[in-house]
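Dear colleague,

Please find below the structure that I am handing over to you. I would be grateful if you read the notes that follow with the model open beside them.

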Amino acid sequence: MKFLLICLFLYPLSVYSFRLNTNTAAAFGDKNIKIYVTSNSTCSEAGISKEDLLDLAVKGARDFWNKVPTSNINIERGGILQTSNNLFLTGALCASDSQTSCPEATSVPTSIDDIVIACNNNTTDNFKSSSYLALSAPVRVSNQTIKGSIVLINDSTNTSFDTLSYNERLSVLAHEIGHAVGIGHSNKNEALMYYANSDKLSKLSQDDIDAITYLYPNRLDGCGGFFGGTIGKDGDPPIKQNLLMSLLLGTFLGWILLIFTKFFTALTRSSRLFVLKKVNS
Amino acid sequence: MLSISLSSSAFELEKISKLNLQVGTWLENYQQVRARDNDAVNGFELRPYLGLGAKYQLQQKMAIIPEAGWVLPQNKEAVTKNIFFLRADFNYAVKKWLDLKIGSSFMMQSYSAEGGEDRLRNGDETEVYYIPPERRTAYNQTLDLGAEFIHKNMGLRFQTHIYAWNESDERMYSYSLSYLYGFGPQELFK
């Protein structure tokens with residue numbers, strides 16, 4: 001036992017290094033987020049059709065972010081967003097915290113909902129070198145709530161997106177969706193949110209899991225009525241919880257409370273007896 | 001017909017046959033997360049946790065064991081992560097030296113940080129990203145299965161904690177391996 005206790009103080013601390021895109025830890029208010037691709041995205045230089053781009057983005061979200069059991073995020077297919085606004089294709093990406101310095105006439109539109117993907121060829125402001133495969137940022141943020149995010153795929157003549165394998169494209173899209181929902185870069189090279197792309201990426205790292213759990217934490221409803229429910233942030237509706245499990249949990253917590261109550265009572269009684277014995281003697 | 005009674009009259013203090021203290025290691029999402037850039041998954045690591053519990057005897061071979069525990073925090077780079085749990089296992093004594101368990105844990109996974117900025121690489125340049133500014137907690141319910149090997153007043157327990165047990169797409173497994181020291185409740189009043 002002593003040996004084990006000593007080990008407790010010698011164990012190596014793991015590093016948690018996830019970072020966020022905004023200083024307010026902004027996240028989408030609704031955990032059900034949709035992905036759209038603009039209808040005017042031709043993506044000819046990037047070498048992908050807009051339908052395939054949408055499929056890839058949805059797969060990236062489902063295979064990575066939607067699979068985290070400690071998070072309640074649910075990213076799904078929205079569809080093709082009908083638009084003729086060419087600023088999606090040529091405008092500069094302006095993150096929500098720098099929009100005062102972004103002229104509306106030359107920036108990607110920000111009046112969007114959910115996540116919008118477009119193929120963009122702006123090499124002056126966005127894709128300054130071929131190493132930039134894609135860019136992403138929340139563009140419509142109110143207090144701690146993201147209303148809309150943009151993902152831009154490098155569709156300029158200097159793009160190298162067209163040379164990527166299917167798995168690399170998948171990890172690029174999943175990475176950019178991570179940014180779109182509020183996650184920043186990680187300094188751990190195994191993380192999906194590491195700045196460099198990887199073709200061997202089949203799972204999230206613990207750092208990615210912690211980031212998405214922090215921004216979109218899972219919450220239970222009711223807890224068997226014991227806690228009166230744990231209601232989500234900003235009045236989110238609580239998650240429906242399996243009735244049997246909630247009942248079991250309430251019962252278990254009830255047992256714990258009863259046991260400690262009984263112990264406390266017994267302890268008080270025995271100390272009273274001890275005092276009485278002393279007085280009698 | 002199954003009936004569950006929670007009234008205090010049904011509870012008998014004498015049925016608490018044992019209390020236990022636990023020291024162990026918590027294997028979070030063991031072999032299910034990416035641990036290296038070559039896509040290798042995470043292996044065994046020492047991540048201590050402490051717990052305490054009480055064995056409430058229902059019958060000679062059956063008991064309920066409510067427990068509370070805390071996985072020690074990890075906090076090197078501004079974000080501190082704590083895991084607390086409350087759980088209760090239904091315990092069946094198969095042999096004198098072997099108990100099997102099934103139960104559920106209420107997991108509280110808490111992240112705390114005090115905000116700030118950090119400059120990290122982004123393509124050829126660096127960019128500012130932000131440290132979480134406040135505490136947030138995720139609540140989860142797990143399905144737990146376990147076995148405990150008993151020798152005198154000591155035990156060695158292996159337990160699995162299944163997250164999203166009813167959703168195959170999201171299901172993940174954490175494990176705990178612990179050493180238990182058991183003692184009778186009467187020792188508290190000596």
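**Findings: the strands of chain B**

Strands β9(B) and β10(B) pair in the antiparallel sense over 10 bridges; helices (H or I, at least four residues) and strands (E, at least two) are DSSP runs, numbered from the N terminus, and two strands pair if DSSP finds at least two bridges between them. Within this pair, Phe158(B) has Leu177(B) in β10(B) as its bridge partner.

Before going further, please note that this is a predicted model, in which local features need pLDDT of at least 70, side-chain atom pairs count only at pLDDT 80 or more, and totals for chains, interfaces and linings use all residues. Residues are numbered from 1 along each chain as its sequence is written, while chains are lettered from A and ligands numbered from 1 in the order in which they are written.

Chain B has 10 strands and zero helices. The radius of gyration of chain B (taken over C-alpha atoms) is 20 Å, well over the 16 Å that the globule rule gives for 190 residues, so chain B is more spread out than a compact globule. That rule is 2.2 Å times the number of residues to the power 0.38. The C-alpha trace of chain B spans about 70 × 35 × 35 Å along its principal axes.

Of the 190 residues of chain B, 34% count as buried. A residue is buried if 20 or more other C-beta atoms lie within 10 Å of its own, exposed if 12 or fewer, and partly exposed in between, with C-beta atoms placed from the backbone. Two residues are in contact if their C-beta atoms, placed from the backbone, lie within 7 Å. Among contacts in chain B between residues at least 6 apart in sequence, 50% join residues at least 24 apart.

**The barrel**

Which strands make up the closed barrel of chain B? The eight strands run β1-β2-β3-β4-β5-β8-β9-β10, with antiparallel pairing. Neighbouring strands of this sheet are turned on average by 25° against each other, direction ignored; axes are lines fitted to C-alpha atoms, for helices over the stretch in contact, and angles run from 0 to 180 degrees between N-to-C directions.

The individual pairs may be followed around the barrel:

- β1 (residues 16-27) and β10 (residues 172-183) of chain B pair in the antiparallel sense over nine bridges, and Leu27(B) stands opposite Tyr175(B) in β10(B).
- β3 (residues 62-74) of chain B and β4(B) are antiparallel over 11 bridges; the bridge partner of Pro66(B) in β4(B) is Ala88(B).
- β4(B) and β5(B) are antiparallel over 15 bridges and form a hairpin with two residues between them. Here Ala93(B) stands opposite Asp99(B) in β5(B).
- β5 (residues 98-112) of chain B and β8(B) are antiparallel over 14 bridges, with Gly146(B) in β8(B) as the bridge partner of Lys101(B).

Helix α5 (residues 206-215) of chain A lies across β4 (80-95), β5 and β8 of chain B, and runs at about 70° to β5(B).

Helix α2 (residues 50-63) of chain A has 14 residues, which at 1.5 Å a residue should span 20 Å; the end C-alpha atoms are 20 Å apart, which agrees. The expected span of a helix is 1.5 Å times one less than its number of residues. The buried residues of α2(A) are Lys50(A), Leu53(A), Leu54(A), Ala57(A), Val58(A), Gly60(A) and Ala61(A). They cover an arc of only 155° around the axis, which puts them on the same side of α2(A); the arc is that of the directions from the helix axis to the C-beta atoms.

Helix α4(A) is mostly covered, with 12 of its 15 residues buried. What covers these buried residues includes α2, β3, β4, β5 (134-142) and β6 of chain A. Just after α4(A), Gly182(A) takes a positive phi of about 120°.

Is Asp114(A) buried or exposed? With 21 C-beta neighbours inside 10 Å, Asp114(A) counts as buried. Asp114(A) is in strand β4 of chain A and has a positive phi of about 55°, although it is not a glycine.

Lys152(B) likewise has a positive phi of about 55° although it is not a glycine. Lys152(B) is found in the loop between β8 (136-151) and β9 (154-163) of chain B, and is exposed, with 7 other C-beta atoms within 10 Å.

Yours sincerely
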